[in-house]
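Here's a quick tour of one protein model, meant for someone new to reading structures.

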Amino acid sequence: MSDGTTEEQGRWEHHRRSGVAGLASAFQTWWSRRHGHAPPAAGDTGARPLPSERQAGPDESVLWRMRTTVKDEPGSLAALCMALAGQRVDILSLQTHPLAEGTVDEFLLRAPGGLMATELTQVVARAGGVDTWMERADAHDLVDAPTRVLGLAARTALDAAELPLALRQLLGRCTIRQLPATPVGGGRGPEGVPLEGVLDDTVMRLRAPEGGVITVERPYLPFTPTEFARARALVELDARLGPRVPRGRDVLTLPEGNEITVRRAGPGDLEAAREMHERCSSRTLSMRYHGPVGDADRYLNHLLSPSFGRTLAVQTASGRVVGLGHLLWDGDETEVALLVEDKWQRRGIGAELLERLVALAAEAGCESVYAVTQASNTGMVAAMRGLGLPLDYQIEEGTLVITARLGVDAGLVRVTNAEAP
């Protein structure tokens with residue numbers, strides 16, 4: 001079984017219009033669906049209706065995260081707190097972020113269930129708060145900020161693939177992209193950034209540990225200097241520790257009796273992955289990479305880097321790698337891709353890899369995963385259907401994008417543009 005596309009093909013080469021020949025239709029489908037899931041527009045800075053904002057019962061309470069800017073003068077914060085108290089709103093925690101003009105106050109609030117976000121925003125405005133932003137909070141937000149940051153640092157220290165996830169949990173809803181210093185598809189790399197990084201309102205740019213640039217964008221809410229310092233500290237920690245991959249592994253028995261090992265893969269598996277490429281047929285490589293077979297090896301450095309996602313390897317009892325599964329952090333979405341050596345296909349290896357990748361995505365808090373393949377790749381379609389999750393299909397000129405929605409029960413399968421194969 002083979003499937004997927006690389007992050008370079010979907011982002012760097014498409015943006016530079018220098019991708020491998022034959023990928024134009026895949027890019028068009030992928031690009032159009034990405035823009036359908038874009039973050040809120042830059043002008044969306046105030047409180048706004050949320051899917052979870054319902055009228056709670058009179059005896060219920062609701063947790064909110066709120067950020068507002070007040071004047072940097074005595075009594076301004078006190079006036080805001082008194083206004084909240086007048087609405088029986090309990091302040092559970094408060095962080096202040098001094099700016100050149102004014103102070104950004106970030107609250108965790110417990111409010112009466114009947115108090116809507118729009119009403120709460122009006123109360124804050126009358127007390128002098130401006131540029132107010134709110135969203136629903138949950139029990140995880142009750143952890144104090146230093147403890148939360150230390151927990152994210154510990155996760156990052158154990159696994160380099162955790163860095164983008166830690167940044168997203170640290171900063172809330174945001175889009176994170178990492179571009180290498182030298183793009184796989186050729187062309188110019190991203191403009192470099194100084195060692196200390198660059199903060200520009202709603203965008204921060206940090207120097208990636210292995211070269212290149214990490215860009216974090218949150219159009220609906222400017223970053224504070226405190227958030228920038230915390231993000232920079234996480235990236236510096238990752239750079240100091242270097243590449244690292246957890247050592248856990250599982251031994252499975254295939255139906256015919258052969259034992260295989262499934263484990264995390266990393267840069268140290270580069271040579272074994274190249275050897276697997278040599279044993280794969282041209283059709284298998286073409287189905288996986290959607291381009292000239294000779295270019296397949298060029299993507300392995302990126303795919304095996306924990307900075308761009310997580311990779312699982314299937315290894316035989318003799319130590320030979322016969323399958324690779326990739327979970328790629330793709331901005332605000334997550335891609336899955338599979339490659340199984342021809343002689344080991346149709347034994348359930350692809351389905352096993354896919355189930356484990358989807359479990360990793362769910363554990364990381366991803367709402368969905370998508371796979372880009374060819375409409376004729378019935379093996380990948382069957383594997384995605386075998387997940388038992390709601391699926392969306394987008395089909396255009398032979399390119400098929402299958403999106404599995406996580407965290408919900410299996411339900412209606414929706415087909416876009418054409419009937420699914």
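The residues lining the second largest pocket split into 12 nonpolar, 8 polar and 4 charged. Here Ala, Val, Leu, Ile, Met, Phe, Trp, Tyr, Cys and Pro count as nonpolar, Asp, Glu, Lys and Arg as charged, and the others, Gly among them, as polar. Keep in mind that this is a predicted model: local features need pLDDT of at least 70, side-chain atom pairs count only at pLDDT 80 or more, and totals for chains, interfaces and linings use all residues. Residues are numbered from 1 along each chain as its sequence is written, and side-chain values use heavy atoms, leaving out hydrogens and water.

**The pocket**
- Its lining has 24 residues, and Glu210, Asn301, Ser305, Ser307 and Phe308 lie nearest the centre of the second largest pocket.

- The contact between H5 and H6 involves Arg148, Val149, Leu152, Arg155 and Thr156 from H5, plus Leu163, Leu165, Ala166, Gln169 and Leu170 from H6 (contact means heavy atoms within 4.5 Å).
- Sorted by class, that H5 and H6 contact has 6 nonpolar, 2 polar and 2 charged residues.

**One residue up close**
- You'll find Thr261 in strand S10 (residues 259-265).
- Thr261 is buried, at 13% relative accessible area (buried means under 20%, exposed over 50%, partly exposed in between, with a 1.4 Å probe and protein chains only).
- Leaving aside residues up to four places away in sequence, Thr261 touches Arg249, Asp250, Val251, Ala313, Val314 and Gln315.

Definitions and conventions: Helices (H or I, at least four residues) and strands (E, at least two) are DSSP runs, numbered from the N terminus. On a 1 Å grid over the protein atoms alone, a cavity is a set of points where a 1.4 Å probe fits but cannot get out, and a pocket is an open set with protein on both sides within 12 Å along at least five of seven lines; lining residues have an atom within 4 Å of a point.
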